[in-house]
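Please consult the sequence and the structure shown here.

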Amino acid sequence: MIQPGRQSLQKIAVVGRGTAGSLAAASVTNALANDDYEIHHIYDSRIPIIGVGEGSWPSLVDRLHVLSDLPHETIQQRLNGTRKYGVAFEGWGCRNQDFIHYFTPQLVSYAYHLSADLLADILQEGTHAHHVDANVRDISRVGSRAKIEFEDGKTELYDLVFDARGFPKEILPDQHVDISFIPTNTAVIRRCPSIFQEHEDGPVRQPTYTRAVARSFGWVFVIPLTVHTSYGYIFNRDVSDLEEVEADFDELLQSDGVTEFEQRAVIQFPNFVHREIYDGVIARVGNTATFMEPLEATAIVAAQMQIEMVLHMRLNRSLEILEADAPVVNRFLINTMLCYGLFVGWHYSCGSIHDTEFWRFARDQVWATHRDVLDVLGKECTALRKFDEMFDLLRQPVVDKSDWNRLCAVPVTSYAQLTQGLGYSL
């Protein structure tokens with residue numbers, strides 16, 4: 001296949017060795033297989049990967065098979081993984097009924113519950129790159145190339161750089177869209193004993209679900225792996241004290257019959273979208289580009305989209321039209337990430353079984369601002385219009401089959417399930 005942009009990609013860098021960086025390096029290797037190119041995978045070995053349990057989307061299952069060239073069952077076993085068929089919501093909404101948000105087709109389509117550090121290891125095995133152990137001080141555009149400045153003062157030029165260094169140090173209005181209509185900003189991560197044991201003759205095949213348990217001060221995810229179960233209490237540190245959150249966390253573990261755990265981390269996070277995810281030569285991916293709380297496991301699928309779109313455009317479009325392409329791609333990625341944010345924030349619109357300060361704050365104050373937050377972005381922000389169209393579609397007496405896969409980050413089938421489960425009034 002003729003790729004008019006191939007000659008403009010002779011030297012590529014990926015900065016960061018977390019999930020997004022490892023995905024980017026493996027994806028470059030796969031896209032440029034058997035070609036003459038140079039890729040530098042740059043990361044600081046002093047910065048550890050936090051090996052938390054993570055959820056994913058079905059798109060990752062086939063992508064890992066392609067990038068690793070390993071059988072699906074081998075991948076699942078090496079990830080200490082289970083098969084995730086959706087998210088089980090407990091205590092959410094106004095119907096006082098638990099419900100499951102299934103991947104569709106229901107009980108056919110599945111994703112992985114996985115260990116993040118093991119995912120990076122598998123991806124590294126399928127990557128052909130020159131590994132550079134160094135701290136990157138700055139990444140900037142210089143003409144049609146990107147310049148990386150290292151801690152020791154040395155610099156190097158690249159045709160394309162994937163910046164996967166993680167969360168920004170601070171959210172700046174001129175660089176980031178603050179997704180302030182999501183009401184959480186902190187996670188307490190604990191590692192607990194495993195629920196499912198790996199079978200000798202193959203991986204766990206029974207359906208599993210990420211539990212999302214509404215609690216007084218936020219909610220708790222429960223992700224079952226074969227070697228441990230990952231629990232995370234997601235809350236707002238400006239509304240609730242860590243001490244009261246920890247006490248409520250203890251209470252949940254006791255009710256689950258968990259008698260011991262390992263405290264892994266307390267992580268503060270922003271909910272944001274970078275205003276320049278892609279400029280033609282620098283592609284911000286993963287938590288460098290966007291982040292929102294892990295309620296619907298949007299982190300990995302967002303990184304997949306960012307990486308795959310940038311590579312596709314750079315390979316299949318000539319360098320001469322790069323300047324015209326970049327703003328269009330950037331707008332698409334920003335709006336898609338904002339659609340993810342709207343979908344996540346909307347989960348709080350009907351409250352929960354807990355009539356507490358946090359849930360009143362989330363429903364009545366935070367989610368109520370989502371239109372104001374996005375209206376200031378102007379006409380180029382299409383996310384809110386697409387979000388409203390999902391509900392317009394669901395108000396119709398019959399949703400035509402041709403509309404089943406219409407998207408606002410996720411298909412209308414997901415909005416239908418959540419509308420019913422939360423008790424959202426159309």
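Helix α6 (298–316) contributes the most residues, four, to the lining of the second largest pocket; helices (H or I, at least four residues) and strands (E, at least two) are DSSP runs, numbered from the N terminus. The model is predicted: local features require pLDDT of at least 70 and side-chain atom pairs pLDDT 80 or more, whereas totals for chains, interfaces and linings use all residues. Residues are numbered from 1 along each chain as its sequence is written, and side-chain values use heavy atoms, with hydrogens and water left out.

The second largest pocket holds about 490 Å³ of space. A pocket is an open set of points on a 1 Å grid over the protein atoms alone, where a 1.4 Å probe fits, with protein on both sides within 12 Å along at least five of seven lines; lining residues have an atom within 4 Å of a point. The volume is the space filled by probe spheres set on the points, which are joined across faces, edges and corners. Among the 26 lining residues, W57, P58, F103, V410 and P411 are the closest to the pocket centre. By class, the lining comprises 12 nonpolar, 11 polar and three charged residues.

The largest nonpolar core has 117 residues, of which I42, W92, I148, F162, F387 and Y415 touch the most other members. Such a core is a set of buried Ala, Val, Leu, Ile, Met, Phe, Trp, Tyr and Cys residues joined through side-chain atoms within 4.5 Å; buried means under 20% relative accessible area, exposed over 50%, and partly exposed in between (1.4 Å probe, protein chains only). Helix α7 (residues 322–346) gives the most to this core, with 13 residues. A second, separate core of 14 residues includes V213, F217, V220 and V258.

There are 27 salt bridges, each defined by a side-chain nitrogen of Lys or Arg within 4 Å of a carboxyl oxygen of Asp or Glu. Three of them are tabulated.

| Pair | Closest N to O |
|---|---|
| R205 and E73 | 2.7 Å |
| R215 and E251 | 3.7 Å |

R215 in strand β14 and E251 in helix α5 are 36 residues apart. R190 lies in strand β13 and D250 in helix α5 (residues 242–255), so this pair ties together parts 60 residues apart in sequence. R190 is buried at 2% relative accessibility, whereas D250 is partly exposed at 30%.

Key: Ala, Val, Leu, Ile, Met, Phe, Trp, Tyr, Cys and Pro count as nonpolar, Asp, Glu, Lys and Arg as charged, and the others, Gly among them, as polar.
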